[in-house]
Amino acid sequence: MATFTNWMSRKTPIPRFGVALTVGVLLLSIPAASAVSEPKVSTSGSQSPLDARGVVEKTVQEVLVIMRNPSLSQQERLTSIEQIVYGKFDLTTMSRLVLARNWQRFSKEQQVEYVSLFKQYLSNNYGGRLSRYDEFEVNIKGDRSESNGHVTVRTAIVGGQFEGAELDYRLRNADGSWKVIDVKIEGISMVSNLRDQFKEVVSSGGPELLLEKLREKNAAPASAD
Amino acid sequence: MTNDRPSNANHLVATIAALACLLFAGIASAEAEENKDPWERFNRGIFRFNEGADRYVVGPVAKGWDFILPDEVELALGRLFDNARFPIRFINNLLQEKLVYAVEDLGRFVINTSIGLGGLFDPATELGLKAHDEDFGQTLGYWGVPPGPYLVLPLLGPSSPRHVVGRVADSAAAVYPYFTMFWVPALVTSTDLLNSRSLYDETLTAERKSALDFYVFQRNAYTQYREDQVLDKEDSESDDGDLYELDE
């Protein structure tokens, strides 16, 4: 539970031009505004959250460049974004986190099929949607080391219909490189959400039913309308 | 669409109802420890009703709305409704000891109501003043009241006993019910909901198509979203339990 002193240290956006401060009633926000600075991450430690942040920064920039390239067709755009995402996301780990304990109930062959269906499912359902949202910038707000060695990079969308929407990327370091294992959209974790849905399916019809449902969904992608 | 902004005369009733719900939420949440969704049968029933209503009535009307109005107008209306919710944000920021947030929201309201033509435009955001969305449901959460079991309401959708109490309490903070006829707030609320539904039509359609179980999708998304709102994500180390543990 937050204490009364907390409001002093809460991160509040710095009024960009200070114009806001001319409004008398805003005077109270000065202590907060001046106390704010993004948590600077030390580069000296053995852990280097800057790398995770750098990965997100770079990925976002690459994706934005592709989305804004008018000479690409929708299909070319999707394919290029997919290539980037496959490189920066650890979709195998993600797919296993989604299954959680149920992973053990899958045979080796089922696991292999599941992982490839999962990748297809994600790019069908999210890749297609992404390409429509092309009029925004992404602002990297900060990063935070999690207790198990993961790093969360917080970003927010600036401009367009989704102005202010917050996207948090959780990254895990495997074999020396940081890869995204979860995305939280406005606080909603994709891994958690899919886990609940998949759990429901596996507990009602076992691994085979989940594979069947994914095959079905992949055959009729949501973005194909 | 229900009228959740009761007129002056209804306030006593609303307060009593709120207290009853609060008690009810406490009892219900005690038994909800193991089961995430003890009211699933009931909820799924209401969910099916809502899906039907959305498919045959609300969705088509929202599409018509979207067809008639340019996106810019819809967005402006959305900002207008958002600006009208200022008293709710202001009071609840205060109730959660977030003095700076309350003052920032006050600044937003002053700027957007004047320069922003009643809230149709949002110059405050340009000036770096962000809205801090708080409601009484979040205030209860801030002070440790559990949300209670997942609850689906007719037409209003995902909710919880705590959220219902919050809605009733917040309706007392809206200004216009005090001096308008009863149908005005009802109309305003309906228009607000319809406008939001229209703005998110694409996203909603896509989620509905891609989900393996849209009921579970909604339940999970709603629960996570409300938890996150109560925690005020930026200053919290979230407790994700076993979400990120790989089972070897």
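**Chat about aromatic pairs, cores and confidence**

User: Let's start with Trp143(B): buried, exposed or partly exposed?
Analyst: In this predicted model, Trp143(B) has a relative accessible area of 46%, so the residue counts as partly exposed.

User: And Tyr142(B), how does that residue count?
Analyst: Tyr142(B) counts as buried, because its relative accessibility is 7% and the cut-off for buried is under 20%.

User: What kind of pair do the rings of Tyr142(B) and Trp143(B) make?
Analyst: The pair is edge-to-face, because the planes stand at 85° to each other, with the ring centres 5.1 Å apart.

User: What about Tyr150(B) and Tyr215(B)?
Analyst: Those two also form an aromatic pair that is edge-to-face, with 6.1 Å from centre to centre and 70° between the planes. Tyr150(B) sits in the loop between helix 7 (136-142) and strand 1 (151-153) of chain B, whereas Tyr215(B) belongs to helix 11 of chain B, so the pair ties together parts that are 65 residues apart in sequence. Both Tyr150(B) and Tyr215(B) are buried.

User: Switching to the cores, how many residues has the largest nonpolar one?
Analyst: The largest nonpolar core has 50 residues, and those with the most contacts inside it are Tyr114(A), Leu171(A), Phe198(A) and Leu210(A). Helix 7 of chain A gives the largest share of this core, nine residues. There is also a second, separate core of ten residues, which includes Val152(B), Ala211(B), Val216(B) and Tyr222(B).

User: Which aromatic cluster has Tyr114(A) and Phe198(A) in it?
Analyst: Tyr114(A) and Phe198(A) form one aromatic cluster together with Trp103(A), Phe106(A), Phe118(A) and Tyr121(A).

User: Last topic: where in chain A is confidence lowest, and where highest?
Analyst: In chain A, the lowest confidence is in helix 1 (residues 6-9), with a mean pLDDT of 32, and the highest is in helix 7 (residues 190-219), at 95. For chain A the mean pLDDT is 76, and 72% of its residues reach 70 or more.

User: Over which residues of chain A does pLDDT stay under 50?
Analyst: Over residues 1-46 of chain A, although the model has 71 contacts beyond four places in sequence for them. Where pLDDT is low, the predicted coordinates should not be read in detail.

Technical notes
Residues numbered from 1 in each chain as written. Chains lettered and ligands numbered in written order. Predicted model: local features only at pLDDT ≥ 70, side-chain atom pairs only at ≥ 80, totals over all residues. Heavy atoms only, no water. pLDDT = per-residue confidence, 0-100. Helix = DSSP H or I, 4+ residues; strand = E, 2+ residues; numbered from the N terminus. Contact = heavy atoms within 4.5 Å. Core = buried A, V, L, I, M, F, W, Y, C linked by side-chain atoms within 4.5 Å. Buried < 20%, exposed > 50% of the residue type's maximum accessible area, 1.4 Å probe, protein only. Phe/Tyr/Trp six-rings, centres within 6.5 Å; stacked < 30°, edge-to-face > 60°.
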